[in-house]
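Have the viewer open as you read.

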Amino acid sequence: MTGADAQSQEAQAPDTQTPDTQWPRWEIFKQDTASKVHQAVGSVHATDPDHALFTARSVFARRPAAVSLWAVREQDISSVTREELDNGGRLPDASGETQPYKIFGKKNHKRSMTFVDELGMLEAASPQAALEAAQSQFGDGLLAWWIIPASAFVGSPEDTETVESWFAPAKDKTYKQQSAYGVVGKHVSERNPKAKA
């Protein structure tokens, strides 16, 4: 192979070293009212915590009402499903300093708009230790677990003035789930029976 051939092959080979140009991914947790827990509602890509919260406010808090948002980097989440646990799956278990972990879980498939709900907080030396303590406290029948160091969270401002300016506009907006709207029109086969033939 000549040097020119080698250069040509190199030029045609897929570039596996291309850096990921997307901003970091942040998972977003929304609290609908002060009496409810935070729930995972989706993710945004953002450059820093403030950017993540402002983006989340635009995406997840326009409608319906909300009183608080949390954001956490995707890389700080240790997650495992019941199926993975049944197959011997484990979370990172390198013991470190004991710290508080926020525990989230998915109990059933009934709610399509959220993934996991906040269950509580535990002190543990690793995500695996936190999971085992959570299974003991909350039961081991959940469909999925998210274990996240409490120190990894950033939250929307809690002072009354900021909460009002961030979330009040959504209170007066009418909001319906997509399923609340009836089907308009008929399928072409119903409008024109001959189309079935």
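What follows goes from the whole chain down to single residues.

First, the ground rules. This is a predicted model, so local features need pLDDT of at least 70 and side-chain atom pairs count only at pLDDT 80 or more, while totals for chains, interfaces and linings use all residues. Residues are numbered from 1 along each chain as its sequence is written, and side-chain values use heavy atoms, with hydrogens and water left out.

**Overall picture**

The protein has six helices and eight strands. These are DSSP runs numbered from the N terminus, where helices are H or I with at least four residues and strands are E with at least two. Along the sequence they come in the order α-β-β-α-β-β-α-β-β-α-β-β-α-α. Of the 197 residues, 31% are buried; buried means under 20% relative accessible area, exposed over 50% and partly exposed in between, with a 1.4 Å probe and protein chains only. Accessible surface comes to about 13,000 Å², with 48% of that on carbon and sulfur atoms; the areas come from the Shrake-Rupley method with a 1.4 Å probe, and for residues only the protein chains shown count as cover. Among contacts with a separation of 6 or more, 65% are between residues 24 or more positions apart, a contact being heavy atoms within 4.5 Å.

| Helix | Residues | End-to-end C-alpha distance | Buried residues |
|---|---|---|---|
| Helix 2 | 49-60 | 16 Å | A52, L53, A56, F60 |
| Helix 4 | 127-138 | 16 Å | P127, Q128, A130, L131, A134 |

Seen down the axis of helix 2, its buried residues fall within an arc of 95°, so they line one face. In helix 4 the arc is 155°, so there too the buried residues line one face. The arc is that of the directions from the helix axis to the C-beta atoms.

As for helix 4, its buried residues pack against strand 4 (78-81), helix 3 (82-86), strand 5, strand 6 (117-124) and strand 7 (144-149). S136 and Q137 are exposed on the face turned away from the buried side of helix 4. After helix 4 comes G139, with a positive phi near 95°.

**Rings**

Rings of Phe, Tyr and Trp (its six-membered ring) pair if their centres lie within 6.5 Å; planes under 30 degrees apart are stacked, over 60 edge-to-face and the rest tilted. The count is eight aromatic pairs. F29 and F104 have ring centres 4.6 Å apart and planes at 35°, so this pair is tilted. F29 sits in strand 1 (residues 25-31) and F104 in strand 5 (residues 99-106), so the pair ties together parts 75 residues apart in sequence. F29 is buried at 0% relative accessibility, and F104 is buried at 0% as well. W166 and F167 pair edge-to-face, 5.9 Å centre to centre with 65° between the planes, and both residues are buried. Ring pairs also link F29, W70, F104, F115, W146 and F153 into a cluster.

**A loop residue**

D76 lies in the loop between strand 3 (68-73) and strand 4. D76 is buried, with a relative accessible area of 18%. Leaving aside residues up to four places away in sequence, D76 touches I147, I148, P149 and A152.

Key. The expected span of a helix is 1.5 Å times one less than its number of residues.
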